[in-house]
Amino acid sequence: MKYILKLGLILMVYTVVAGLSLGFINNITRSKILEQEGNAGEKAQREVLPEASAFVDFTTNGGFEYKKGYADKDTADIVGYVVNAYGNGYSSTIRTIVGLDTTFTIEAIEIVYQEETPGLGTKCVEIRGDSPEPWFEAQFDGKKPDELLVDKDGGTIDAISGATITSRAVTNSVREAIEELKKHLTKGGSQ
Amino acid sequence: MKLGGEFTKGLLKENPVLVLALGLCPTLAVTNTMVNGIGMGIAATFVLVCSNLVISLIKNLVPNRIRIPVFITVIATFVTVVKLVMAGYFPGLSKALGIFIPLIVVNCIILGRAEGFASKNNVLRSLLDGLGMGVGFMLILIIIGAVREILGAGTILGHPLFGESFKPALLMILPPGGFFSIAILIGLSNLLQKRLE
């Protein structure tokens, strides 16, 4: 018993040292990582809503964040909205940026973070042939939220073969994010 | 063995991939382009050198019964350092290598060298062993990555090599291409080792 306790304590010393050193490294790299993610996010929002040149952040009372996209910095012409969708995939939380026009039709989506199974779930960002956009994301262009279900659930999005969980996570999270935005904007009447 | 031998044995005679057949999973999975091979090779070499160094330093302070959990803790710490640094400073590479960086923790080359070498040898020898094994691993990743990228995509480090008329053999960047290249490379290295003897 005493021996087991001793082993446990020794192991604890090693893990504490490891934990402290990782905390130290994390402190150094955290701001840089956030900056990189921010850059990727800005690039993505321009890509999903190309008509907009200025974006303004909003947060609803419920804590839901979205952006309004304006054609020009000086005008009040809303050309669309950008929302983040978070879906629980097979091995990661998949973050998708969704660009919408003012009728809540999807302009484009972009998956900005995923760590799904290589060769299966990662196909959600696979580029096929000459198209610059991944084929799975391209299916969402021009769709209304009520069409957003994978084919197995009776919708119009072809699921990635072998990665239904990933496909469902992206599709459902995008639909839910749009519905959330719609509910907020129509209720508030601030369109 | 002479000190220099600890380094050079990893390159050919005891090459981790070709001879010890360790770490085949990342070798097959990340070598569809050359730049992925380089990135993975550098990351694995860094972890290997650091973990060999630390483990040879603490080898007398670790009770035999819990050596594996301690080694894994050391390795996982260095892998997490690599993951954080890569995400912060090389986001493109970090995205391309994705899950394979955290998986370095269970790369059998690293634990294999910790258990089989660093826990029995002094610091200098362990350092050289880690460096040699890491460079040997990276060399193979680069060779396979280059072959697969040239044949499978017609590019090298992303630059097109051939004219428009070149039809790449897509099979080479898919999993079978990895198996083919690795098999041919192991065959060639066996041939070379026989000649040398």
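User: What should I know about the model before we start?
Analyst: This is a predicted model, in which local features need pLDDT of at least 70 and side-chain atom pairs count only at pLDDT 80 or more, while totals for chains, interfaces and linings use all residues. Residues are numbered from 1 along each chain as its sequence is written, chains are lettered from A and ligands numbered from 1 in the order in which they are written, and side-chain values use heavy atoms, with hydrogens and water left out.

User: Okay, at what angle do H3(B) and H7(B) pack?
Analyst: Helix H3 (residues 34-58) of chain B packs against helix H7 (residues 123-153) of chain B at about 170°, and their axes are 8 Å apart. Helices here are DSSP runs of H or I with at least four residues, strands are E runs of at least two, and both are numbered from the N terminus. The axes are lines fitted to C-alpha atoms, for helices over the stretch in contact, and the angles run from 0 to 180 degrees between N-to-C directions.

User: Which word describes how H3(B) is placed relative to H7(B)?
Analyst: Because of that angle, H3(B) is roughly antiparallel to H7(B); the word is used for angles over 145 degrees, whereas under 35 is roughly parallel, 65 to 115 is roughly perpendicular and the rest is oblique. The contact of these two helices has 20 nonpolar, nine polar and two charged residues, where Ala, Val, Leu, Ile, Met, Phe, Trp, Tyr, Cys and Pro count as nonpolar, Asp, Glu, Lys and Arg as charged, and the others, Gly among them, as polar.

User: And how do H6(B) and H7(B) cross?
Analyst: The axes of H7(B) and helix H6 (residues 108-118) of chain B cross at roughly 150° and come within 11 Å, which means that H6(B) is roughly antiparallel to H7(B). On the H6(B) side, B:Ile109, B:Arg113, B:Phe117 and B:Ala118 meet B:Arg125, B:Ser126, B:Asp129, B:Met133 and B:Phe137 of H7(B), with contact meaning heavy atoms within 4.5 Å. These residues divide into five nonpolar, one polar and three charged.

User: What about H4(B) and H6(B), at what angle do they cross?
Analyst: Helix H4 (residues 67-89) of chain B and H6(B) have axes that come within 10 Å and cross at roughly 130°, so H4(B) is oblique to H6(B). Their contact has seven nonpolar, no polar and two charged residues.

User: Switching topic, how many residues of each chain are in contact between A and B?
Analyst: On chain A there are 18 residues in contact with 22 residues of chain B. The two chains bury about 1800 Å² between them, 76% of it on carbon and sulfur atoms, where buried area is the accessible area (1.4 Å probe) that two parts lose on being put together, summed over both.

User: Which side chain does A:Glu35 meet in a salt bridge?
Analyst: A:Glu35 pairs with A:Lys32, at 3.8 Å from N to O. Both residues lie in helix H1 (residues 2-48) of chain A, three residues apart, about one turn of the helix.

Conventions: Salt bridge = Lys/Arg side-chain N within 4 Å of Asp/Glu carboxyl O.
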